[in-house]
Amino acid sequence: MQLSELQEIAQSVIRQARDAGATDAECTMQDGAEFSANVRMGELETLKEAGSRGAGLRVLIGRRMGSSYTSDLTPDGIRQMVRSAIDLAAVTTEDPNAALPEPEELGSLRTDLRLFSEDVAGLPTELKIDAAKRAEAAALAFDPRITNSEGGSFDSNIGGRVFANSRGFAGAYRSTYCSISAVPVATQGESMERDYWFTIARDYAGLEDAALVGRMAAERTVRRLGAVKVETQKVPVIFEPRVARTLLGNLFEAVEGRAIYRQASFLAGKLGEKIADERITLIDDGTLPGLFGSQPFDDEGVPTRRTMVIERGVLKNYLLNTYTARKLGMKTTGNASRGITGNAGIGYGNFFLEAGQKSAEEILRGVKNGFYVTELIGSGVNTVTGDYSRGAVGIWVRDGELAFPVSEVTIASTLQEMLNGVAEIGNDLEFRGSVSAPTIMIGEMTVAGR
Amino acid sequence: MSFSDSFFAVRFGISRRDLENYLSEALSRGGDYADLYFEYLATSSISIDESIVKSATQGVSLGVGVRVISGERTGYAYSDDLSPEKIRHAAQVAALIASGPAKVETASLQEGRKRNLYPVLTAPSETAFKERVELAQRADRAARAYDSRVFQVQVTYADNLRQVMVATSDGVLNFDRQPLARMSVLALAKDTDGVPQQGHAGGGGRYELDWFQTERTPEYFAKEAARQAIMQLGAAEVPAGEQIVVLGPGWPGVLLHEAVGHGLEADFNRKGVSAFSGRIGQQVASPLCTIIDDGTIGGRRGSLNVDDEGNQTQRNVLIENGILRGYLQDKLSSRILGTAPTGSGRRESYEHIPMPRMTNTFMLAGESDPADIIKSVPRGLYCANFAGGQVDITSGNFVFSASESYLIEDGKLTRPVKNATLIGNGPEAMKHVSMVGNDLKLDEGIGVCGKEGQSVPVGVGIPTVRIDRMTVGGTA
């Protein structure tokens, strides 16, 4: 479906909602086409290709709110969606802070964010399958210990987004991405391990070579073989970029407006205070061209922007949508985020930690006895209290060298102590998704093992 | 009910002949097998926070997924439009996985055997919305009334009614109406100037709304969430390292889901990438352990009349007295491995390819008195509740995070401790089970299992169990 058709439907939804008694209304529409090819042991395994659409509506009747969604964009489906939201608004309670953004807050960035590339739509299926095959083949050829594979994949997506509200905002944009990944399996005696690597870009030309992806995945897998459990001890812990990103994910939960007004964050009430080591500068920026967290307006029709969250260790800003901003007596930061269902929550744009000076090698060279973490599992992070306890896999560091693989251990501390205990930040910041971080070293954490 | 009275036949005018034609189209390029999965999903949710209804949402999604299997290859396409031309187009796209002339004919469709594990006359999503708002409001009031230190309460109520129909080229035609409801309560408590702590409780299943009036009331979940939050206020640090761990009955069964269940899903084992691959007939747990996955328990969140590939669900013995007995199969794996289906093919929606998944996974009761199990531990950790877990099926390493635990000292529960992560290795951890209680309990009905980006509702259960050795992450 053309974006213009979706925009017309969105305008009609707003009109119908107003006619049915809504004092305000906003409509989100999505259109997506997905493709994925998985190859395993050199053979095509699955091929998936399809498209879908959906619409979501939020209405306000005074200070009462109701929302609804549908995948049925026929006139009947749309009428039912409008009816449904209006009916719900009638039975909910008044919320003094329920409101759309003020008209002067609405708008869209005018710069070209380079979110869409024609070439993704035109890629021949054979070429996509071949990329997945090449990634897997390179992984299998990398080392004789790579004995098996969960496969190589090529995924791509073409999406359209439309947003309109009763305060005059109407906007639309398209975006694309494609990615290649490989998941090899290595064995050595009783030990079996898997790991993965991927490349992702807005256009095909931006992807790294498939064979490189395969080799990276294989290298990461092989180095995990023969992992041991270490003694329980307190040591410096170094997070490689792929896992350092997850720390940012934890911090996001602690700085988003909802957690703040509910006092459900260890950072609530700490604005303007020094909460981290001076090396920490944490930024959210939805305006960076070509990146995965960029969009011209947020999911309430407010232009995205650059927000300094932590500047040299000082907590500067929370990330807010209209509702949480009203609750806190602040202004939205353009971080409203929603799918088709429900109300706008809060999301990040490109959420990243500023790079430091040293390379990862230089950082490791300075570690006498420590743990270099390459994977984390489990959900043991409590952003209300800051308690941090997760399962970890990685490599032990001895006298500045990567010495031997470690698994079946946990690392623990509190986010407060980790933020203040940052000892090094690497220079290896790469934007491989919406959340990006360089290597981070924490001075001391508890590693629990034997 | 017969096909002609079924949801998709009545509402969308889909005939048996239509289904057979779509399947033939899907097999037109030489595929070995094809199936159609029709889904109509109506959902509602209510979220209360600060005693205000912050969100009330209702909606509908519908569509059909078409799958074609050719050898070990799968082609998949879907449409969110049920018009004949769109379904035919999806069938043509899925058909492209094979190349050649059609070689399999669609068998004439026969309706599967009928049973009803959830005889729900009026699904919760078909009741007045106001009634459901009031249930959520009751939970909010009860959590706040529990203790003056409770200062924030969030209640979420969500239900859905899923109508599904599966038609396969080997002649299976099945349809099902699957109601599901869940309430959850999150409470935050703090002492004056203290650090806030949270507690969480919830439950539900495939029941009438009345279940929340008679079986598990909003007050029950609210008090439980508030109690846990208050309990955490006085929690001490947890010592890190290997310890004796006692799991309480019920939700701690998530251990089985992570340590054992995922590793026994046939897709991983067919590919030889699970820590349990090739171990059927071997001792993988203590002889005290018999572990079952059962999709046929009436009303349970993880139960289904038919799986998402049209097979009846069943009771599957995974581990019997410590010996590995079998894997959980989906259509593709059982075709390739030449084994019987286990009714374990599930998918999140019509947009997703089915995979082998768990339903309700639990350990059978043993003979020990739970009190004796605690009494037997000189020093260790008692975990009454967990937040969730994760597993790396290849190495077998799994973690799960406690949400309510106590120190055991000289055979007694002494103090509550902070929430730690526990870690173990699947085929090893279960060998250290040394006592199994006589108090098997299933969870309250809140589990969601994620695999390769697909979420499905599941259940777990376990009696009180003593594990002699497990690494506890500690909290500082």
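First, the ground rules. This is a predicted model, where local features need pLDDT of at least 70, side-chain atom pairs count only at pLDDT 80 or more, and totals for chains, interfaces and linings use all residues. Residues are numbered from 1 along each chain as its sequence is written, and chains are lettered from A and ligands numbered from 1 in the order in which they are written.

Start with chain A. It is divided into domain 1, residues 3-222, and domain 2, residues 227-450. Those bounds come from an automatic or database domain assignment. The centres of the two domains, taken over C-alpha atoms, are 24 Å apart.

How many residues of domain 1 of chain A are in contact with domain 2 of chain A? The count is 30, and they meet 27 residues of domain 2. Contact here means C-beta atoms, placed from the backbone, within 7 Å. On the domain 1 side, S2(A) gives the most, with four residues. Strands like this are DSSP runs of E, at least two residues; helices are runs of H or I, at least four; both are numbered from the N terminus.

Now the two chains together. In chain A, 56 residues are in contact with 65 residues of chain B. S2(A) again: it supplies the largest share of chain A's side, nine residues. By class, that side has 14 nonpolar, 28 polar and 14 charged residues. Nonpolar means Ala, Val, Leu, Ile, Met, Phe, Trp, Tyr, Cys and Pro; charged means Asp, Glu, Lys and Arg; the others, Gly among them, are polar.

S3(A) and S2(B), residues 52-70, run parallel over four bridges. Pairing needs at least two DSSP bridges between the strands. A:Tyr69 has B:Gly59 as its bridge partner.

Finally, a helix. H4(B), residues 129-146, has 18 residues. From first C-alpha to last it reaches 26 Å, close to the 26 Å expected at 1.5 Å a residue. That expected span is 1.5 Å times one less than the number of residues.

Which residues of H4(B) are buried? Among them are B:Leu135, B:Ala139 and B:Ala143. Buried means 20 or more other C-beta atoms within 10 Å of the residue's own, with C-beta atoms placed from the backbone; exposed means 12 or fewer, and partly exposed is in between. The buried residues of H4(B) pack against strands S1, S5 and S6 and helices H5 and H6 of chain B. Beyond four places in sequence, B:Ala143 is in contact with residues including B:Val150, B:Val185 and B:Ala226.

Key. Contact = placed C-beta atoms within 7 Å.
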